[in-house]
Amino acid sequence: MDMNEIKEIFFQECEEQLAELESGLLKLNDGDRDPETVNAVFRAVHSIKGGAGAFGLDDLVSFAHVFETTLDCVRSNRLEPNQDVLKVMLRSADVLADLTNAARDGGSVDEGRSRQLIKELEALANGELPQAAAEPAPKKAAAAPAPAPAPAATEEGFQPVAFSFDEFETSEEPTIEPSTYEIAFRPKSDLYAKGNDATLLLRDLSRLGEMSIHCNTDDLPPLDRMNPEAAYFAWKVSLKTDKGEDAIRSVFEFAEWDCELEVTLAGGDAGDAREELPMQPVPFDLSMLDEEPAAQAGADEEEDQAVARQREVRDAAVSAAETASNVVRMAQAATQAPGDGGRSASTSAAAQASASQQAASAATPTIRVDLDRVDRLINLVGELVINQAMLSQSVIENDTNGTSSINMGLEELQQLTREIQDSVMAIRAQPVKPVFQRMSRIVREIADMTGKSVRLVTEGENTEVDKTVIDKLAEPLTHMIRNAVDHGLETPEKRVAAGKNPEGTVRLTAKHRSGRIVIELADDGAGINREKVRQKAIDNDLIAADANLSDEEIDNLIFHAGFSTADKISDISGRGVGMDVVKRSIQALGGRINISSKPGHGSVFTMSLPLTLAVLDGMVVTVANQTLVVPLTAIVETLQPEASAIHSFGASQRLISIRNSFCPLVDVGRILNFRASQANPVDGVALLVESEGGGQRALMVDAIQGQRQVVIKSLEANYTHVPGIAAATILGDGRVALILDVDAIVAASRGQSLKPEMSLAAAG
Amino acid sequence: MASKNTARKTLKLAPVLDLNEATALHEKLLALRGGAVAIDASAVERVGALCIQVLMAAARSWEEDHSSFTFAKVSDAFVKTTQLIGVDFAPLMAKEI
């Protein structure tokens with residue numbers, strides 16, 4: 001695998017980590033205080049940082065680093081993850097996602113925003129609560145316990161990003177009183193195997209302040225029995241520093257899991273069991289050790305150059321090792337194949353750790369499969385279904401004996417193909433969770449912009465639906481959520497005045513109902529202001545001033561194109577491209593949308609969508625000797641028109657009267673140019689369909705053949721786009737039947753003919 | 001190599017005594033066992049904890065053998081590193097420096 005593939009896998013993993021991060025933070029926001037949740041959040045950020053470092057994504061690394069530092073404070077119980085803290089963290093998760101996307105797609109990120117968040121995160125890490133809220137931060141823990149047992153996710157031994165000390169100085173409180181820490185440090189052999197060295201760690205440690213040291217050599221065996229690559233030495237260090245415990249732990253950051261480390265504040269009662277050790281002061285100027293290769297070189301400049309070179313070499317070596325370990329890790333994750341990259345001790349150790357990490361997370365095993373492959377399989381199964389239908393049909397035609405074993409076999413085959421079809425569809429089925437998670441971010445952002453306090457409650461996130469539907473669901477949902485927060489919910493003051501919780505609730509629910517997925521978006525706001533909607537509709541000439549509309553009809557007015565009740569056009573909503581666009585997108589998915597609203601109690605939008613776009617329940621009809629399929633979801637009712645109900649209107653328009661209302665009659669055969677003149681409606685059947693904008697039309701067809709599930713075959717992919725036709729299918733008798741694009745037909749009915757540009761206009 | 005040799009042997013240490021060098025140094029020292037040894041650390045630019053462990057183990061083994069194990073020459077980097085990590089070779093150096 002080349003670097004780009006590895007990078008692609010990294011980004012895929014990032015997506016998973018970001019989802020993990022967000023759901024973890026939301027759990028914490030809901031009051032979950034399980035240390036494992038905090039660990040999972042920390043791991044997610046740490047993994048992203050580690051991977052980003054390997055690819056030199058500096059922006060991502062530096063932001064993740066600050067984020068991680070703050071999360072570490074939460075992990076070590078030095079920072080209480082209250083609502084204010086989590087608000088900052090959730091926003092940071094958003095920025096982290098933006099940075100990841102920018103790194104992948106080359107987009108840009110709002111730098112001001114990330115800088116601002118870095119400041120806020122650093123403030124949190126320094127124990128300052130956001131917005132000077134609530135009780136003072138707990139004092140930096142005096143005697144923190146040894147680091148939590150290594151969360152195995154962070155097995156990467158080291159980081160290519162040489163952390164600069166400036167960074168620590170900015171992220172650490174500069175005004176900590178100098179205190180003396182006792183550090184017990186016992187490296188494991190792994191530490192050396194990964195190319196690290198105790199001398200380097202101790203050197204970095206000595207830079208933090210005044211240090212004295214005792215080396216415990218008791219474990220050192222005689223020369224002939226020792227393993228020269230094993231770790232025998234252990235150290236006790238006493239360090240007087242004003243940088244705080246975090247800085248000390250940072251020194252060991254990338255060795256944390258390859259050593260035993262204990263940092264305690266000296267003089268505490270923990271020190272009673274400590275025996276007095278002969279400590280050697282480490283008083284000298286350590287600059288010498290930075291200039292290792294140039295130690296004997298004379299001129300200062302030469303020394304400096306050598307230092308730089310040496311650093312470069314070391315950084316390169318470290319980053320190479322890091323990359324190698326990532327190769328192994330990613331190769332494992334991707335293909336379960338053993339890494340064929342470096343087989344050095346360090347990489348195999350990293351791979352082992354990674355394997356144990358995967359075991360620890362104990363998720364159900366999954367594989368990544370190209371969507372193309374799944375689609376091909378689905379296509380083939382579609383063919384199989386069609387083929388099976390054709391086979392049954394020809395058997396029925398040729399064999400009149402209904403009890404023959406062939407018929408029984410065919411029935412079994414039919415059952416099997418149906419089962420295969422269902423299982424294949426299940427492969428494409430994905431939980432709606434990722435879309436719902438994206439919504440929580442939208443809610444946060446809109447809430448921030450509008451100054452409202454909003455809580456998003458999601459239910460049924462694991463409800464599964466076809467991936468295509470999921471992909472197309474995000475946009476209409478975003479519109480609706482924005483509307484719900486911006487228009488639906490009141491300001492906190494108004495809510496309090498109305499006797500409600502100042503925090504508004506938006507509830508997003510998904511569930512399966514009779515073979516469809518139903519998504520409900522409910523807010524507990526003021527409900528639709530019918531007076532205002534009505535007035536607006538009158539102003540916009542949508543209804544007559546004296547029109548008598550039911551509540552439901554008024555509510556449905558908001559789905560009209562160009563309708564907006566927002567007094568001012570804001571960034572968020574009110575451009576008038578709101579709900580009509582939503583309705584059109586939902587309809588394009590073969591879905592419906594309903595609204596119900598109670599003044600003072602909020603509104604509920606209910607969307608019902610097909611579970612898949614690969615098969616469709618359709619009504620098979622005949623039009624001018626052609627067989628067509630009309631999607632069942634579009635049809636409200638079917639009726640046999642009577643001559644008395646048909647009324648002419650203008651030159652060529654006709655209306656049909658249905659229960660005291662008039663509905664335009666659309667001759668499908670005429671629109672599709674199947675016939676030159678209009679057919680007599682009385683000879684045919686009218687299908688009452690709901691079209692965009694909420695209006696109803698009666699589609700005239702010659703006869704109804706039946707209702708069945710058909711496999712959708714794309715016309716665009718196999719032939720070319722045909723105006724008025726959404727797709728095609730193959731029927732049991734082997735004939736191709738076209739699936740009507742109801743909206744395009746209705747849109748074209750105004751001009752009585754279907755031209756390509758018209759259908760494009762309708763689609764756009 | 002095991003033959004008793006009263007003549008002091010000198011072992012010159014490599015400039016970089018890292019993970020890779022630890023095993024080599026270990027083998028060299030094992031081969032010198034039995035006779036007095038003077039370590040020449042004058043060229044040492046960088047020394048890791050593993051090699052210091054080997055040297056320390058050697059020093060102890062030589063002491064057990066009642067043989068002489070000294071550091072004839074040392075570089076500044078070598079001394080500073082041993083001081084940094086709290087390993088005291090000074091008595092072994094003092095004799096010769």
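1. Let's begin where the two chains meet. The contact draws 31 residues from chain A and 29 residues from chain B; two residues are in contact if their C-beta atoms, placed from the backbone, lie within 7 Å. On the chain B side, the elements giving two or more residues are helix H1 (19-32), helix H2 (49-64) and helix H3 (76-84) of chain B. H2(B) provides the largest share of that side, with 9 residues. By class, the chain B side that touches chain A has 14 nonpolar, 9 polar and 6 charged residues. Here Ala, Val, Leu, Ile, Met, Phe, Trp, Tyr, Cys and Pro count as nonpolar, Asp, Glu, Lys and Arg as charged, and the others, Gly among them, as polar.

2. A word on how to read this. This is a predicted model, in which local features need pLDDT of at least 70, side-chain atom pairs count only at pLDDT 80 or more, and totals for chains, interfaces and linings use all residues. Residues are numbered from 1 along each chain as its sequence is written, while chains are lettered from A and ligands numbered from 1 in the order in which they are written.

3. Now for chain A as a whole. Its secondary structure comes to 24 helices and 23 strands; helices (H or I, at least four residues) and strands (E, at least two) are DSSP runs, numbered from the N terminus. Of the 764 residues in chain A, 38% are buried, meaning that 20 or more other C-beta atoms, placed from the backbone, lie within 10 Å of the residue's own. Among contacts in chain A between residues at least 6 apart in sequence, 69% join residues at least 24 apart.

4. Next, a helix pair. Helix H1 (residues 3-29) and helix H4 (residues 83-105) of chain A pack at about 170°, their axes 10 Å apart. Axes are lines fitted to C-alpha atoms, for helices over the stretch in contact, and angles run from 0 to 180 degrees between N-to-C directions. That angle makes H1(A) roughly antiparallel to H4(A), a label for angles over 145 degrees. The residues that meet include A:Phe11, A:Leu18 and A:Leu25 from H1(A), and A:Leu86, A:Leu90 and A:Ala97 from H4(A). This contact has 12 nonpolar, 3 polar and 2 charged residues.

5. Which strands form the open sheet, and in what order? There are 5 strands in chain A, in the order E7-E9-E10-E12-E11, with mixed pairing; two strands pair if DSSP finds at least two bridges between them. E7 and strand E11 (592-598) of chain A are the edge strands, each pairing on one side only. From one strand to the next, the twist averages 15°. Inside the sheet, strand E10 (residues 516-523) and strand E12 (residues 602-610) of chain A pair in the antiparallel sense over 7 bridges. A:Ile519 has A:Met607 in E12(A) as its bridge partner. H15(A) packs on the sheet, touching E7 and E9 of chain A, and its direction makes about 170° with that of E7(A).

6. Finally, look at that helix itself. Helix H15 (residues 433-450) of chain A has 18 residues and spans 26 Å from first C-alpha to last, close to the 26 Å expected; the expected span is 1.5 Å times one less than the number of residues. Its buried residues include A:Phe436, A:Met439, A:Ile442 and A:Ile446. Among the elements covering the buried residues of H15(A) are H1 and strand E9 (504-513) of chain A. After H15(A) comes A:Gly451, whose phi is positive, near 70°.

How values were computed: Parallel < 35°, antiparallel > 145°, perpendicular 65-115°, else oblique. Buried ≥ 20, exposed ≤ 12 C-beta atoms within 10 Å, placed from the backbone.
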